[in-house]
Protein chains: 2
Amino acid sequence: MKLVSIYECLCDATRLRLLNLLLQGPLCVCHFQAVLGESQVKISKHLSYLRARRLVTSRREGNWMIYALARPAARSPELAANLTCLRKCAQASPPLQRDLAQLKNLSLACTPKGSARTHGPSGIFGRS
Amino acid sequence: MKLVSIYECLCDATRLRLLNLLLQGPLCVCHFQAVLGESQVKISKHLSYLRARRLVTSRREGNWMIYALARPAARSPELAANLTCLRKCAQASPPLQRDLAQLKNLSLACTPKGSARTHGPSGIFGRS
DNA sequence: GAACTATATTCCTTTTAAGGTATATTGAAG
DNA sequence: CTTCAATATACCTTAAAAGGAATATAGTTC
């Protein structure tokens, strides 16, 4: 992947927020929606964008789609370097830190519409 | 400066090439034109873009404008980190390395239109 | 299989960025 | 003061990105 394409992935605020969350580990789309407070389409499209460029992978778990950063072994040196750089920069970014705090406050599984949790993707957290 | 703005500066191929050259030290516009082989307007605009966002500074020397990366002290931690990352990534990029090789082959001062050198900005090289 | 949930995709509109041509500016040289 | 060289800017056109509404898909539940 060309270097400029990596920067193209990083040059949008929504994608930065998504990647920042993914640096913590795999997440399902509903988590992104809850944390970012953006429309479903918008989030889905940016995730597709990142997936098309191999920065993230996705797998289905029931109705949920779980997104994760490309495995380290699948990262080009350029991508690896930039993700490391991003992780570092994110620590100094209040909005990105706020997103992480929000994420921690979420229930550990999808509980859409405030309903009592009955099911949800399992094993999302705890594997970075 | 917001993180996303840094990535916006980096997400264009021409700007990447300009910054890559500037990592070697200050340069005048004619050098960029010679190395990139792009139109004067295009180069000038991208330099303006970078200057407006404080990634580079410019000073006049006679007819020439000398561009340089923002002094280290003027770099935000995010910018510093990303420039370091870019420097590293550039080493693995054949096109960017080719630009550097081209730069080395240039006369040390502006000698436009292949004419014998009579004058030109002095002291461009040798101070990174 | 009908209804529902989560997510993706299509189609369209709006916004933004990029690039070109022509022109302006600035300093140098005569 | 005129001319020239180097660079910047204005103005315009085109291309690309972003975002929304509506719809499609895939899996689940009953």
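A polar contact is a pair of N or O atoms within 3.5 Å, where, within protein, one atom must be able to donate a hydrogen and the other to accept it, and where residues adjacent in sequence count only if both atoms are side-chain atoms. In this predicted model, local features need pLDDT of at least 70 and side-chain atom pairs count only at pLDDT 80 or more, whereas totals for chains, interfaces and linings use all residues. Residues are numbered from 1 along each chain as its sequence is written, chains are lettered from A and ligands numbered from 1 in the order in which they are written, and side-chain values use heavy atoms, with hydrogens and water left out.

Between chain A and chain B, zero residue pairs are in polar contact (both at pLDDT 80 or more). The elements that give two or more residues to the side of chain A touching chain B are helix H1 (3-10), helix H2 (13-22) and helix H5 (77-91) of chain A, helices being DSSP runs of H or I with at least four residues, numbered from the N terminus. The largest share of that side, seven residues, comes from H5(A).

Within chain B, Asn20(B) is placed in helix H2 (residues 13-22). Asn20(B) has a relative accessible area of 2% and is therefore buried, a term that means under 20% (1.4 Å probe, protein chains only), with exposed meaning over 50% and partly exposed in between. Apart from neighbours within four places in sequence, Asn20(B) is in contact (heavy atoms within 4.5 Å) with Ala90(B), Leu96(B), Asp99(B) and Leu100(B). In chain A, Ser48(A) lies in helix H4 (residues 40-52) and is partly exposed, with a relative accessible area of 29%.
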